Every structure is written in C-alpha cells, then in structure tokens.
Amino acid sequence: MAETVVHVLRHGEVHNPDGILYGRLPGFRLSELGVQMAKAAAQALAERTVVHVVASPLERAQQTAEPIAAQFGLSVGVDERLIESANWFEGKKVSPGDGSFRDPRNWWVLRDPVTPSWGEAYQVIAERMFAALHAARVAAEGREAVLVSHQLPIWTLRRHVERKRLWHDPRRRQCGLASLTSFHFDGAKIVGIGYSEPAAHLIAISPTARTAKGA
C-alpha cells in the first residue's frame, strides 16, 4: 500500500493593526504578506499528490487553503475540528511583556497552566485535531491531504502524536506561519513526522510574524 501523507498547514500572516488576540473572532483575514505566504506553501506542494484540502472555518485558514486547492482543481472543505482554540483573552491586547499576566485581575484566569484555565483544554484540542487528521488520512488514502489550522491546535496535535505532555512553553513551539507539519502513515499508523517552512523568507521580512497573536 502506498504511503499516505497529511500535511497540517498553519495559516499565513493576519492583518491585525490593533495587535489583539483575535482567536476565533470573525473578520481577521490575511495581510498582503500573508497571501504571499499562502502562495509559497502552495508552491511547496505543487509536485505532491494532493487530493483533499480542508480548512478551519476561520477566514485566514480558508484563504490560506485557496491557492493549494486551486492548483489541484479541488474545492476547500470545512472542518470545525480544525478551528483555533477558545481563549478567555480573545479580543484583548495581551502579550508576555505588557504586564497583562502580572495584573491581579487576571490571576484567577491564569491559575492553572496545565489544563489550561484560560481556554480550551489541551486534551480536547488534541482529540479533535487527531480525529480530523485521521479523517483526512481516510479521504486521501495512498495519496496526500492538506489541513489548514492554527498554531496551538497544530502544536498540540504534534505533541499528542509524539506522546509528550500537552502543556508547554508557547515560545518553544515549532510551528511558524505557513509552516507544514506533515504526518506520514503506513495504513492507519503514523510512521513519521516532517516539518518545513516554505514561507521562511517572507517571515524574515515581516515585522509582526514572530509576535502574531491569536494565530
């Protein structure tokens, strides 16, 4: 049986001039540079055997999926399981250096970093992403699929597959904008995980790429 590969792609850079954690909020689309990142990801997959493209329902993920689907003559499916994680800080300006995490008014929300208390449980994220991964494997059996999602869900999925603890330091995530985390299957068994950053040259010129919120 031929190998099946499911590429899980993080969306490109988002237009976010106010610098808020946008999470699941509607209306956040790719920036001009983000559109170029999506095209770079599509180009990186041009010689692959992609037969299935599915994305989170959020605009930035759908936009990132479009050039990939177009080059293979496919439509973009929607899978709610690929959506960004829920977060109590959604819609707020928060970052590690702005004092938000030292504000006593936020301490109750931050009381439990393991679950975590400020958002959707890591275990719930892992389970829904793992189910979406296997649904794509079945749909693309013997060929390749692309799922477009968001940084935290993708990193949580990878840690789940690698049997690592799910809570982690966000600064250590290996999941850049428009990056591909590729799961290789032999039948239903995952036999390898690859990682690449086809838009690295664009991330390097983005003033906001390394601090993107709600990604």
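Arg165 lies over the face of Trp167, 3.9 Å from the ring centre; a charge sits over a ring if NZ of Lys or CZ of Arg is within 6 Å of the ring centre and within 35 degrees of the ring normal. The charged end of Arg137 sits over the ring of Phe185, at 5.8 Å from its centre. This is a predicted model, in which local features need pLDDT of at least 70 and side-chain atom pairs count only at pLDDT 80 or more, while totals for chains, interfaces and linings use all residues. Residues are numbered from 1 along each chain as its sequence is written, and side-chain values use heavy atoms, with hydrogens and water left out.

There are 2 aromatic pairs, where rings of Phe, Tyr and Trp (its six-membered ring) pair if their centres lie within 6.5 Å, planes under 30 degrees apart counting as stacked, over 60 as edge-to-face and the rest as tilted. Tyr22 and Phe28 are stacked, 5.0 Å centre to centre with 25 degrees between the planes. The ring planes of Trp88 and Phe89 stand at 90 degrees with centres 5.0 Å apart, so this pair is edge-to-face.

Tyr22 and Phe28 are both buried (under 20% relative accessible area; exposed is over 50%, partly exposed in between; 1.4 Å probe, protein chains only). Phe89 counts as buried because its relative accessibility is 3%, whereas Trp88, at 42%, is partly exposed.

Strand S1 (residues 4-10) runs parallel to S4 and is joined to S4 by 6 bridges; strands pair if DSSP finds at least two bridges between them. Val5 stands opposite Glu144 in S4.

Technical notes
Helices (H or I, at least four residues) and strands (E, at least two) are DSSP runs, numbered from the N terminus.
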